[in-house]
Amino acid sequence: MIVVRFKVKCKPEKTDHALTAFREIVATSRPLAGVINFDMGRDITDPDSFIALEVFADRAALDRQESLPVVQKTMGLFQELLAGEPEATTFHVSSSEP
């Protein structure tokens with residue numbers, strides 16, 4: 001299992017545009033085979049920051065999600081939308097509990 005924590009800080013004037021794009025990514029990612037969980041929300045201390053927590057069955061599922069056209073399109077807009085570099089941490093998990 002692979003867990004990815006992804007955080008971005010948007011330019012304040014671009015936050016609504018980013019929110020629309022992120023909603024589309026979440027809606028498109030959740031039904032993919034191998035996607036166990038895919039959530040994204042705002043940082044409660046900074047309304048211009050978004051944090052995603054993505055859980056995949058394996059690397060193939062992560063690769064499928066990252067290759068989605070909507071993901072590629074949104075990542076192509078990062079220079080326009082973001083106030084800084086995205087933060088990403090990938091965890092390789094051998095077991096989990098409910």
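**Labels and the values behind them**

Visitor: What kind of model is this?

Guide: This is a predicted model, and the values discussed here are computed from it.

Visitor: Which residues does Asp48 touch, leaving out those up to four places away in sequence?

Guide: With that exclusion, Asp48 touches Val8, Lys9, Cys10, Pro12 and Thr15; Asp48 itself has its place in strand E3, which covers residues 46-56.

Visitor: What makes the link between Lys7 and Asp43 a salt bridge?

Guide: The closest N and O atoms of Lys7 and Asp43 are 3.1 Å apart, and the cut-off is 4 Å, so the pair qualifies as a salt bridge. Because Lys7 lies in strand E1 and Asp43 in strand E2, this pair ties together parts that are 36 residues apart in sequence. Leaving aside neighbours within four places in sequence, Lys7 is in contact with Asp43, Ser49, Phe50, Ile51, Pro86 and Glu87.

Visitor: Why does Asp43 count as buried?

Guide: Its relative accessibility is 13%, and buried means under 20%, so Asp43 falls into that class. The side chain of Asp43 is also joined to that of Thr45 by a polar contact of 2.7 Å.

Visitor: Is Thr45 buried or exposed, and how do you know?

Guide: Thr45, which lies in the loop between E2 and E3, has a relative accessible area of 68%; exposed means over 50%, so Thr45 is called exposed.

Visitor: How many salt bridges does a search of the whole structure find?

Guide: Such a search finds seven. One of them pairs Lys14 with Glu80, whose closest N and O atoms are 3.3 Å apart. Lys14 lies in the loop between E1 and H1 and Glu80 in helix H4, so this pair ties together parts that are 66 residues apart in sequence.

Visitor: Why are Lys14 and Glu80 called partly exposed?

Guide: Lys14 has a relative accessibility of 24% and Glu80 a relative accessible area of 33%; buried means under 20% and exposed over 50%, with partly exposed in between, so both values place their residues in the middle class.

Visitor: What makes Glu66 and Arg59 a salt bridge?

Guide: Their closest N and O atoms are 3.9 Å apart, which is within the 4 Å limit, so the pair is counted. Salt bridges that share partners join Arg59, Asp63 and Glu66 into one network. At 43% relative accessibility, Arg59 counts as partly exposed, and Glu66, with a relative accessible area of 34%, is partly exposed too.

Visitor: How do you know that the buried residues of H2 line one face of the helix?

Guide: In helix H2, residues 59-66, the buried residues are Ala61, Leu62 and Gln65. Seen down the axis of H2, they fall within an arc of 100°, and so they line one face of the helix. What covers them includes strand E1 (2-9), helix H1 (15-29), strand E2 (35-43), E3 and helix H3 (69-76). At the start of H2, a side-chain oxygen of Asp58 comes to within 3.3 Å of the backbone nitrogen of Ala60.

Visitor: Which residues have the most contacts inside the largest nonpolar core?

Guide: That core has 22 residues, and those with the most contacts inside it are Val8, Cys10, Phe22, Ile25, Phe38, Phe56 and Leu82. At least two residues of this core are supplied by each of E1, H1, E2, E3, H2, H3 and helix H4 (78-81). Not counting residues up to four places away in sequence, Phe38 touches several residues, including Ile25, Val26, Leu53 and Phe56.

Visitor: Why is Ser94 called exposed?

Guide: Ser94, in the segment after strand E4 (87-92), has a relative accessible area of 79%, and since exposed means over 50%, the label follows. The C-alpha atoms of Ser94 and Ile2 are separated by 8.8 Å, with the two residues 92 residues apart along the chain.

Technical notes: Residues numbered from 1 in each chain as written. Predicted model: local features only at pLDDT ≥ 70, side-chain atom pairs only at ≥ 80, totals over all residues. Heavy atoms only, no water. Helix = DSSP H or I, 4+ residues; strand = E, 2+ residues; numbered from the N terminus. Contact = heavy atoms within 4.5 Å. Buried < 20%, exposed > 50% of the residue type's maximum accessible area, 1.4 Å probe, protein only. Arc of directions from axis to C-beta. Polar contact = N/O pair within 3.5 Å; in protein donor to acceptor, adjacent residues only side chain to side chain. Core = buried A, V, L, I, M, F, W, Y, C linked by side-chain atoms within 4.5 Å. Salt bridge = Lys/Arg side-chain N within 4 Å of Asp/Glu carboxyl O.
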